[in-house]
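Morning, everyone. Please bring up the model on your screens. I'll take you through it piece by piece.

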Amino acid sequence: MRPSDLPLISDVEASLLATHFGRRALLGAGAAATGVLAMPLSALAQAAPGAPGAAEITVDQARTAPIPIVIPVLGGDAGQLVSSVISGDLGNCGLFAPINGALPVGVPDFGTYKSLGARALVSGTATTGAGGLRVEFRLWDVLTGQQIQGTAYTAGAGDARKIAHIIADVIYERLLGEKGYFNSRIAYIARSGPRAHQITRLAIMDQDGANSHYLSGGQWLTLTPRFSPVSDQLAFMSYANNRPRVYVLNLATGRQQLLGDFDGISFAPRFAPDGHTVIMSVTRGGGSDIYSVDLASRGKRQLTSSGAIDTSPCYSPDGSQIVFNSDRGGTPQLYIMSAGGGGAKRISYGNGIYGSPVWSPRGDLIAFTRIANGSFSLGVMAPDGTGERILTQGFTVDTATFCPNGRVLAFCRQTAAGAGGAGFSSSIGTIDITGFHERSIPAAGMASDPAWSPLNG
Amino acid sequence: MRLKLLGALGMAVFLAACSDDTNKGATTGTGAAAQSTGVTPGSEADLVANVGDRVFFELNKNNLSSEAQATLDRQAAWLAKYPQVTVQLAGNCDDRGTEEYNIALGERRANAARDYLVAKGVAASRITTISYGKDRPTATGDNEEAWAQNRNSITSVR
């Protein structure tokens, strides 16, 4: 699916979608001719109407005891695909334990599912017709026998995976009381060729690794894509024409523009939470300074001038502060300053050197890379530097990025190379912010520099 | 003489065929300078073979060792001899740092070499710098020896 074809939600029942899809999707309503339409399905006669369902299980509880949910193969020609994507999302997040079962007709026989240990049940159909794809989806509480959710989606024939991710997000939110993150994408750098001169391409995929495709050719070294939190844009660094600088790519139009006019190398871009500015590092002398660049006016503002290396800046989700990496104290450490610059305060004090800080969308955690004794660790700490926890370690683990609800980090894992570069690998992993449920995303070939999109982005 | 000239031309063509997006001479250069003939004076091959195209750094450092200074002294003398030549200094790092910090660190290394050359009389306008961070390792193994090779600033003729 090309980015420009991605459907936006257009809705007939604003309140339902406001709950499930947020403001951004609603703002896009009406703009998409081939959008996803979501209609409430009435509860079946025998089920209690208006069942509240939902959200009696916390994420913490589900980590310990994943929620058993029956996800049968839905009816219709697209049922197999939709079911497998929903099941993959819920199983891969570690908070659900999908159970295969027979497709119930009408009101399910809850006694049978209760005896299987199931807590919830999915039923429905996914059918492709002349009008495109229609998916009828119901979510049931097995314990009470009530329908928690019933929605019919209509969309383009090629949107089965997208609808399935949307449904998985609805299930996540109804059962855990938090927004999900399955209808999202990950931009990354695809790598190929010999270790000494790897071909790098900007690439993008669904968060489950499907629909992976390139966004740039491999002529120039390209690094560190970063999603806009509010629009279909990526900021990234390219060595185009042998001048390493920050660019912005509009995913809908394919238009790519240089961002900022600097003498030095500009790198380490990161969007502000409102999407209006991008902060980045610019080399000067033996150091680098942090600048913000306004996307509309292209006006730039210098935020640091320590003479040291100040890099990897990232805003707090409320936009009031910036965490960054600096060696102004002698070794690379993490600092926090106000969004306007100034008042920098060091927050990292553990063993080793620190880098690549990224602020959680929840605001309560900063993820980072720590290097000690030649080994890399990925960790999180509170913004005041307390509560440091290491989540995973390896030869190289770096460039962490939070999923939209802040519950999971994606990161790059690289293995050591032997003589001639053999043994080197580079892949994208994910891990829960508690250090639970580490897995890898099966991207095509070698990959690095993951950047998670916002929800429905 | 004719064969020698053809050899030199062949080398020049080979080097010209390299993409801009590389560390030129990365596979052939050394820090040592052994006298060599058969290369075009003032060329990239001349620099690599007879001057020494790169200097090396300690972990997380940009200090110039006495060996590095000696190499840069030879580069300054060579640049004085060929005033039409302009060079790029490419800073590189081992892979024991974060991706973004290493881009800045590589530039800091190239900048240290640049400042030294300028102090030795090379016009600043003849020198550009770039950093590849940890993305263009010369030595592709992951051991102390390879990392030491990869912490460098490589001078190439533009």
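Predicted model: local features only at pLDDT ≥ 70, side-chain atom pairs only at ≥ 80, totals over all residues.

Residues are numbered from 1 along each chain as its sequence is written, while chains are lettered from A and ligands numbered from 1 in the order in which they are written.

A word on names. Helices (H or I, at least four residues) and strands (E, at least two) are DSSP runs, numbered from the N terminus.

Helix first. Find α3 of chain A, residues 79-92. How far apart are its end C-alpha atoms? They are 20 Å apart. That agrees with the 20 Å span that its 14 residues should have at 1.5 Å a residue. The expected span is 1.5 Å times one less than the number of residues.

Which residues of α3(A) are buried? Buried means 20 or more other C-beta atoms within 10 Å of a residue's own; 12 or fewer is exposed, in between is partly exposed, and C-beta atoms are placed from the backbone. The buried ones are A:Val82, A:Ser83, A:Val85, A:Ile86, A:Ser87, A:Gly88, A:Asp89, A:Leu90 and A:Asn92. Their cover includes β3 (67-70), β4 (96-99) and α5 (160-176) of chain A. After the helix comes A:Gly94, with a positive phi near 85°.

Now look at α5(A) against α3(A). The two pack at about 45°, with axes 8 Å apart. Axes are lines fitted to C-alpha atoms, for helices over the stretch in contact, and angles run from 0 to 180 degrees between N-to-C directions. That makes α3(A) oblique to α5(A). For the cut-offs: under 35 degrees is roughly parallel, over 145 roughly antiparallel, 65 to 115 roughly perpendicular, and the rest oblique. On the α3(A) side, the contact is made by A:Leu81, A:Val82, A:Val85, A:Ile86, A:Asp89 and A:Leu90. On the α5(A) side, the residues include A:Ala160, A:Ile163, A:Ala164 and A:Ile167. Contact means C-beta atoms, placed from the backbone, within 7 Å.

Next, a sheet in chain A. Four strands make an open, antiparallel sheet in the order β23-β24-β25-β26. Strands pair if DSSP finds at least two bridges between them. At the edges stand β23 (353-359) and β26 (389-394) of chain A, each with a single partner strand, so one side of each has no neighbour in the sheet. From one strand to the next, the twist averages 20°. Five bridges join β25 (residues 375-381) of chain A to β26(A), in the antiparallel sense. There, A:Val380 has A:Arg389 as its bridge partner.

Over to chain B. Here too is an open sheet of four strands, ordered β1-β4-β2-β3, with mixed pairing. Its edge strands are β1 (54-56) and β3 (127-131) of chain B. Neighbouring strands are turned by 15° against each other on average, direction ignored. Strands β2 (residues 87-92) and β4 (residues 152-157) of chain B run antiparallel, joined by six bridges. In β4(B), B:Ile154 is the bridge partner of B:Ala90. Helix α4 (residues 99-119) of chain B packs on this sheet and touches β1, β2, β3 and β4 of chain B. Its direction makes about 160° with that of β3(B).

How do the chains meet? The contact takes 29 residues from chain B and 39 residues from chain A. Which element gives the most on the chain B side? It is α4(B), with ten residues.

A:Met337 sits in strand β21 (residues 333-338) of chain A. It counts as buried, with 20 C-beta neighbours inside 10 Å. Beyond four places in sequence, its contacts are A:Gln321, A:Ile322, A:Gly342, A:Gly343 and A:Ala344.

A:Asn211 has a positive phi, near 55°, and is not a glycine. It lies in the loop between β9 (199-206) and β10 (213-214) of chain A. With 13 other C-beta atoms within 10 Å, A:Asn211 is partly exposed.

A:Thr224 has a positive phi too, near 50°. This residue lies in strand β11 (residues 222-227) of chain A. A:Thr224 counts as buried, with 26 C-beta neighbours inside 10 Å.

Conventions. Contact = placed C-beta atoms within 7 Å.
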